[in-house]
Amino acid sequence: MKIGIISDTHTKIKKAQRAIDTLIKEGAEFIVHAGDIVEVETLELLHNSGLKYIAVYGNNDAHLVSFHNRFNLVQEPYYFKVADTKFKLMHIPFYMSPDADVVIFGHTHKAAFEFTNNTLFLNPGEVCARNKPLSEWAMLEIKESEFIVTRYTKEKKKEIKKENFKYIRESNE
C-alpha cells in the first residue's frame, strides 16, 4: 500500500495541490497531513482527492476546529492502522516513543526519515517552502518485509525530484 504524506502546507494551497496531485499520480491510496494545514481550502483538496485521508491539527490550526466534523481532523497523538501497520500521527514531535510501526510528525519543516528499533520516524518536511526554497513531501510504501520512502522535492522553475530510502522490517512473530 502507498500512503502519501504531507505537512506544513500553511497558506500555500497551490503547492499543496501539486503535492497531492503528484502523490495520486504516483499511486497513493491514502493521504496523511501532519498538521499546520492553515487553510480550509487544503482540507477541501484532501476531501476532494477521492482518497481516504486523515489530518492532524497543528499549532497553527486552532481556527479549523469549526470544520472538525466536516473533514477527517484528529488531535495528537492519534493512533490508527492501515495495511496491518500501526501508525502514530502528530504535528509537534512531543510523543516520539516507538509505540507504533510508523510515527509521522511535522512542525520542524525539515524532512527526516529514521528507522530505529523497527519503528520508522517520518517527517515529510514542508510543502510551503517557507524555511527554504524547496517544497517537499513523501510517499510511504508498505510492504510485508520493508518500508520504502520516496522523498519528493520541488524547487522553483525546476522539475520534481525523487529520492528513495528502504528500511527492512523485522517480523513481529
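Rings of Phe, Tyr and Trp (its six-membered ring) are paired if their centres lie within 6.5 Å, with planes under 30 degrees apart counted as stacked, over 60 as edge-to-face and the rest as tilted. By this rule the predicted model holds 9 aromatic pairs. W137 and Y152 count as stacked because their ring centres are 5.8 Å apart and their planes lie at 10°. This pair links distant parts of the chain, 15 residues apart, with W137 in strand β10 (residues 134-142) and Y152 in strand β11; strands are DSSP runs of E of at least two residues, and helices runs of H or I of at least four, numbered from the N terminus. Both W137 and Y152 are buried (under 20% relative accessible area, 1.4 Å probe, protein chains only). One aromatic cluster is formed by F30, Y78, F80 and F87.

Strand β11 (residues 146-155) also contains E146. E146 is buried without a salt bridge (a side-chain nitrogen of Lys or Arg within 4 Å of a carboxyl oxygen of Asp or Glu). The nearest side chain of opposite charge is K143, 4.4 Å away. Beyond neighbours within four places in sequence, E146 is in contact (heavy atoms within 4.5 Å) with E141, K166, Y167, I168 and R169.

In helix α2 (residues 40-48), the buried residues are V40, T42, L43, L45 and L46. They pack against β1 (2-6), α1 (13-25), β2 (30-33), β3 (52-56) and β4 (73-74). G50, with a positive phi near 85°, follows α2.

Residues are numbered from 1 along each chain as its sequence is written, and side-chain values use heavy atoms, without hydrogens and water. Local features need pLDDT of at least 70 and side-chain atom pairs count only at pLDDT 80 or more, whereas totals for chains, interfaces and linings use all residues.

Key:
Buried means under 20% relative accessible area, exposed over 50%, partly exposed in between (1.4 Å probe, protein chains only). Lys and Arg count as positive and Asp and Glu as negative; His and the chain ends are not counted.
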